[in-house]
Each structure stands twice: as structure tokens, then as C-alpha cells.
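Dear colleague,

I am handing over the structure below for your reference. The findings follow directly after it, grouped by region.

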Amino acid sequence: MTTGELLALFDAAFDAQREAVGALDRVARRGRGDGHPGQYALDVVADVAILDVLQPAGVAVLSEESGRTGPADAAITVVVDPVDGSTNCARGIPYWAISLCAVDADGPLCALVANGATGERNTAVRGQGAWRDGEEIHAATTKRLADSVIGIDHLPPRDWGAKQYRGLGSIALGLCDVATGGLEGWVQIGSFAAPWDYLGGLLVACEAGAQVVDGQDRELVTLDPNVLRQIVATATPELLAEVRGVALS
């Protein structure tokens, strides 16, 4: 499949996800699934809708909710987080997303990270750039932590000296906000992320010129669902060096 065909497929999957989740009332959105810890029923509903779109295309799928499906020998694996920011979605906070990333033998190929509450779509194609709703995006040029608004997943153990902090609840959207310059950085503090959490946002951020690394300098691109990473993203190399010094030491 071409990247254009893949992105069209991803758009269809997003439309299906929004329709499925949108059909749930407020009580149903807070219901729990019976799979992994922390799973909501809405995660399962979204996953079923997305798989109904992806599986006929003949790609392999690695989903947070249903694991590996599709042909074992497929040239492309689509890594899916059906709802990144499930707690936000369950509580009516408009910051939750679908994250889809096509991975081939050379790594992430193209991605869609789309906000299910607002419809805003972030896309990227390897070597070609990144876009929000069709407009090309670029990371900020900020070099100092003191001038930066940093997204976090938990409260830092101490003040790093950033201008401000934001705990927003979605890794995928946080990375995309670094890609647009809405945030100068995003640092994972209290937990570690699986591939479906970050691969889509990783490609968007990197194609927009941001720096994205693992806190322990391990390889980020993996299709192993048991591999967890500490995601650190910054707008510039200079800012990354400062964040390393205060947040990762």
C-alpha cells in the first residue's frame, strides 16, 4: 500500500472510532473492560470498530486492546492505540486520541494521531514532513527550559526550572503538540510507554523537527508489546540537553 492509501485507511479508522465512542453515553464511557488493568469498555468498543476497518486491508495489526492480528508475513504492521487518553475520554475531557502508525522494515512509515473530541488530525510521512489538518507543522525553536512549557504525565519530584508544566493525559497528543510548538517538550516521569502509546506521535514529532529519545537511550522503534520506554521529547537539541541534565539525572 502507498502512504496515501494508508492515510486514507487511517482516516476511515478514525471515523469509525469516533462514531463508536460517540454512541456511548456518559455512564457507558466510565464502564470498565475485563481485559488489562485500567481498561475501559470504551477502549474495547473503539478497538472493534478500528479493526473492522483495518483487517480487510491485509495489514498486520498490533493493538493495545487486542494484541496481534492479521497476516504474520505482512509487509506493514499498523500499531494502534484505539483511545490514548481513555480516562480523559471517560470523564468528558476533550483531549484523547486514536494513534495509528504504519511500520515497515525501515521503521515508522506514516502516522495519524487524531483528537477524538475535536476532530483535529495530525499526520506524518517518513521523510516528507508532518501536518495538522493539512497545514505543515514545525516544532518550536526554543532552546532554554526557562522559556518552555513542558508536558508531563506525573508531577516532577522537583521543579526543573521550566516556565510552566502541563499534565494533559495523552502521550500521543502531547508529542503532536511538541510537533506544532504548542509545547516545547514532553517528559514521561511516572510510568513507561508501550509502542502503541508513542509510535504515531514519535513520527509526527520527528518529522516536524523535534527531538524524541528514550530516557535511557534505548531504541524506540519496536513491535514488541512487552518493551516499555521512557519518552522524552523536546523542540531543540539544546533544550534536550538541558532536560537531560535536570529531569533524567
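I begin with the strands: β4 and strand β5 (residues 107-115) are joined by 8 bridges and run antiparallel. Strands and helices here are DSSP runs numbered from the N terminus, with helices being H or I of at least four residues and strands E of at least two. Two strands are taken to pair if DSSP finds at least two bridges between them.

Please note that this is a predicted model, in which local features need pLDDT of at least 70 and side-chain atom pairs count only at pLDDT 80 or more, while totals for chains, interfaces and linings use all residues. Residues are numbered from 1 along each chain as its sequence is written, and side-chain values use heavy atoms, with hydrogens and water left out.

**Strand β4 and its partners**

The link from β4 to β5 is a hairpin of 2 residues. Across this pair, L100 stands opposite L112 in β5. β4 also pairs with strand β3 (residues 77-84), in the antiparallel sense and over 6 bridges. There, V79 has C101 of β4 as its bridge partner. Of the 8 residues of β4, 7 are buried, and the strand is thus mostly covered. Buried means under 20% relative accessible area, exposed over 50%, and partly exposed in between, with a 1.4 Å probe and protein chains only.

**Salt bridges**

A salt bridge is counted when a side-chain nitrogen of Lys or Arg lies within 4 Å of a carboxyl oxygen of Asp or Glu. By this rule there are 8 salt bridges. Three of them are described here.

In the salt bridge between R121 and D15, the closest N and O atoms are 2.8 Å apart. R121 belongs to strand β6 (residues 121-125) and D15 to helix α1 (residues 3-22), so the pair ties together parts that are 106 residues apart in sequence. R121 is partly exposed, at a relative accessible area of 21%, and D15 is partly exposed at 42%. A network of salt bridges links D11, D15 and R121.

D104 and R126 form another salt bridge, at 3.0 Å from N to O. D104 is in strand β4 (residues 97-104) and R126 is in the loop between β6 and β7 (129-132), so this pair ties together parts that are 22 residues apart in sequence. R126 is partly exposed, with a relative accessibility of 30%.

The salt bridge of R244 with D217 has its closest N and O atoms 2.7 Å apart. R244 lies in helix α7 (residues 237-247), and D217 in the loop between β12 (211-214) and β13 (231-234), so parts that are 27 residues apart in sequence are tied together. At 28% relative accessibility R244 is partly exposed, whereas D217 is exposed at 55%.

**Helices α1 and α3**

The axes of α1 and helix α3 (residues 41-54) come within 8 Å and cross at roughly 145 degrees. Axes are lines fitted to C-alpha atoms, for helices over the stretch in contact, and angles run from 0 to 180 degrees between N-to-C directions. The contact (heavy atoms within 4.5 Å) involves residues of α1 including L9, F10 and A13, and residues of α3 including L42, V45 and I50. Its residues divide into 14 nonpolar, 1 polar and no charged. In this division Ala, Val, Leu, Ile, Met, Phe, Trp, Tyr, Cys and Pro count as nonpolar, Asp, Glu, Lys and Arg as charged, and the others, Gly among them, as polar.

An open sheet of 5 strands with mixed pairing has the order β10-β9-β11-β13-β12. β10 (164-167) and β12 stand at the edges with a single partner strand each, so one side of each has no neighbour in the sheet. From one strand to the next, the twist averages 25 degrees. Strand β11 (residues 185-187) and β13 run antiparallel and are joined by 3 bridges, with W186 having A233 of β13 as its bridge partner.

Helix α5 (residues 171-180) lies across β11, β12 and β13, at about 150 degrees to β11. α7 also lies across β11, β12 and β13, and runs at about 140 degrees to β13. In α5, 9 of the 10 residues are buried, so the helix is largely enclosed by the rest of the structure. Among the buried residues of α5 are I171, L175 and D177. G181 follows α5 and has a positive phi, near 90 degrees.

With kind regards
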